[in-house]
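Please keep the sequence and the 3D view at hand while reading.

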Amino acid sequence: ITVNVRLDVGSTTSFGAGALSFTVPFAAANDSLQKIGAARIFDSSAGQFTILASELEATATDATFQFTGGTNATSASPVALATSDIVSAQITYTKA
C-alpha cells in the first residue's frame, strides 16, 4: 500500500501535543521492519523546504515524521508550523 498525505495549514488548524503523525488506512504487517518514506515541510514564511522521513513501525497504524537522528517532528520543531505551511509525506508498506 502506498499512502500520500498533505496538510495545508490554515488559520484554524490546531495541533495536539507530541509528535506529528498520520494514520494509515490499514495496520502494517508484523514483519520486524521499519517502513521509511519521504516527507517534507514547506515553511511559507521562509520559502524553504525541510526534508524529513516518514516512519511506520511493524503492526502500527500511525506513521510519524522524523528528522535528524530519528527525532520526532512536532508542530514547533524542526519548523514552527503556521498558516500557509504545507506538511506532506509518502510511505509504502505491506498491510497486515
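Ser84 lies in the loop between β6 and β7. Strands here are DSSP runs of E with at least two residues, helices are runs of H or I with at least four residues, and both are numbered from the N terminus. The model is predicted, so local features need pLDDT of at least 70 and side-chain atom pairs count only at pLDDT 80 or more, while totals for chains, interfaces and linings use all residues. Residues are numbered from 1 along each chain as its sequence is written, and side-chain values use heavy atoms, with hydrogens and water left out.

Although Ser84 is not a glycine, its phi is positive, at about 80 degrees. Most residues other than glycine have a negative phi, and most peptide bonds are trans. Ser84 is partly exposed because its relative accessible area is 46%; buried means under 20%, exposed over 50%, and partly exposed in between, with a 1.4 Å probe and protein chains only.

The loop between β6 and β7 also holds Ser77 and Pro78, with β6 spanning 71-72 and β7 spanning 86-92. What kind of peptide bond joins Ser77 and Pro78? The bond is cis, with omega at about 10 degrees. Ser77 has 30% relative accessibility and therefore counts as partly exposed. Ser77 is 57 residues from Leu20 in sequence, while their C-alpha atoms are 9.7 Å apart in space.

Ser32 is found in the loop between β2 (21-23) and β3. Ser32 is not a glycine, yet it has a positive phi of about 65 degrees. Its relative accessible area is 70%, so Ser32 is exposed.

## Overall build

How many helices and strands does the protein have? There are zero helices and seven strands, and the pattern along the sequence reads β-β-β-β-β-β-β. Along the principal axes, the C-alpha atoms fill a box of roughly 40 × 25 × 20 Å.

Of the 96 residues, 33% count as buried. Contact means heavy atoms within 4.5 Å. Among contacts between residues at least 6 apart in sequence, 66% join residues at least 24 apart. The protein exposes about 5,400 Å², of which carbon and sulfur atoms supply 50%; accessible areas come from the Shrake-Rupley method with a 1.4 Å probe, and for residues only the protein chains shown count as cover.

## Charges and salt bridges

The protein has 4 positive and 7 negative side chains, and the centres of the two sets lie 9 Å apart. Lys and Arg count as positive and Asp and Glu as negative, while His and the chain ends are not counted. The place of a charge is taken as NZ of Lys, CZ of Arg, CG of Asp or CD of Glu.

A search of the whole structure finds two salt bridges, a salt bridge being a side-chain nitrogen of Lys or Arg within 4 Å of a carboxyl oxygen of Asp or Glu. One of them links Arg6 with Asp8, whose closest N and O atoms are 2.9 Å apart. Arg6 counts as exposed because its relative accessibility is 58%, whereas Asp8, at 44%, is partly exposed. Lys35 and Asp31 also meet in a salt bridge, at 2.7 Å from N to O. Here Lys35 is buried, with a relative accessible area of 7%, and Asp31 is partly exposed, at 30%.

## Two strand residues

Asp43 is placed in strand β3, which covers residues 35-43. Asp43 is buried yet has no salt bridge, and the nearest side chain of opposite charge, Arg40, is 13 Å away. Apart from neighbours within four places in sequence, Asp43 is in contact with Gln48, Val79 and Asp85.

Not counting residues up to four places away in sequence, Ile51 touches Ala39 and Arg40. Ile51 and Thr61 are ten residues apart in sequence, and their C-alpha atoms are 22 Å apart in space.
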